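Visitor: Could you walk me through this one slowly? I am new to reading structures.
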Amino acid sequence: MSTPRFRLVALLICCGMIPLAAAQETRRHVQVRGIYGGIPDELLEQGQTLDECGINAVWMGSGSLSAERIAVLRQQKARVYAEFNTLHVASYLKDHMDAAPVGVDGQICPPPKGWQGICPTHPGYRQFRMDDFRRVLREFDIDGIWLDYHHSHASWERDEPDMPDTCFCRRCVTQFARETKTDLPDESLALLAERILSRHADAWFPWRCQVFTDWVREFHAIRDQTRPQALLGTFHCPWTDTDFDGALRTKLAIDLKAQARYIDVFSTMPYHARFGHAADPAWISRQTAWLGDYLGIRGAPGERIRIWPIVQLADWGENVPVEQVASVLDHGTRLPATGAMVFHWGSLRRQQEKVAAMVDFYRAIKPSL
């Protein structure tokens, strides 16, 4: 007998909003049906199992990991993935102000919209993050670890991003000149920043991307040494290479093709309501399709690189109505995506109608035995 919740989803099917009637057949490629934000205790307290809810994966911050929480998820037959903060540990600056990004004026750049990044060439900070990355992989029995905030000093998770040009500290400028064989005069950082952006941009932007990619290379090497069976994933900006005048590379220092040599799973963050597409959930699948074309990922069995988007069900920016949940998950699980997770349990736990709609969708696409 169908539940009232499933009849709601069925109504969406009849309206042509989502093809759930054939979901089990059309979504056989979906390997992961996940939740981001920790264990959904509320479902367990209701006497349900995650498997019964169609959920087979949970993401949580690396600082929230514990042997007890992992044991709970293992008992629930769920995969356990950690989120790892790379370039956004703002507390590091309390004792290391030389790690603060420098702007085009030669001064420390204020955090755009309150988002504090770190200079990517600071050796102490990099060692700090690599050591913690190794510790997490060594201490916890996890199925994978996802890089988060691996981009420059910029606030892009909004419909109007704030992305200052950085970092022009003496260390970055000197390293750039040395590694690209660019002759720079002995002048102030402000004048050097202007010179670099106006005369050496063709060298500066690729070099900057390479710095961030080299972090990924080292994370990959540590994973291979410490827990080689774990997946290395990344949460990252869902834009195309032309959105915001190519800001993926020129502002955020994200070179997707270069990072793809080291990444197993790309988890784009197409938060449609947050990013100005509240009435257009199809934007999610369009961005996923672009990424697949750009990286040559089809979602076929056996492909090394996978795409598992994290899609927005929680209210952030504009609200996501319960009537839109099935459509969001529909677009989030279309090929070349082979998995998806929802953002985020911390908010959804207070919106049980949305949780019910999510569970209905996940149940519908869960492969039958």
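Guide: Let us start with a term: two strands pair if DSSP finds at least two bridges between them, and helices (H or I, at least four residues) and strands (E, at least two) are DSSP runs numbered from the N terminus. This is a predicted model, in which local features need pLDDT of at least 70, side-chain atom pairs count only at pLDDT 80 or more, and totals for chains, interfaces and linings use all residues. Residues are numbered from 1 along each chain as its sequence is written, and side-chain values use heavy atoms, with hydrogens and water left out.

Visitor: OK, how many bridges join E2 to strand E3?
Guide: Five bridges join E2 to E3 (residues 79-85), and the two run parallel, with Ala-57 standing opposite Arg-79 in E3.

Visitor: And which residue stands opposite Ala-57 in E2?
Guide: That is Gly-34; strand E1 (residues 32-36) pairs with E2 in the parallel sense over three bridges.

Visitor: Why is E2 largely enclosed?
Guide: Four of the five residues of E2 (residues 57-61) are buried, so the rest of the structure largely encloses this strand; buried means under 20% relative accessible area, exposed over 50%, and partly exposed in between, with a 1.4 Å probe and protein chains only.

Visitor: Switching to the whole protein, how many helices and strands are there?
Guide: The protein has 14 helices and nine strands, and buried residues make up 57% of its 369 residues.

Visitor: What does its C-alpha trace span?
Guide: Along the principal axes of the protein, the trace spans about 75 × 40 × 35 Å.
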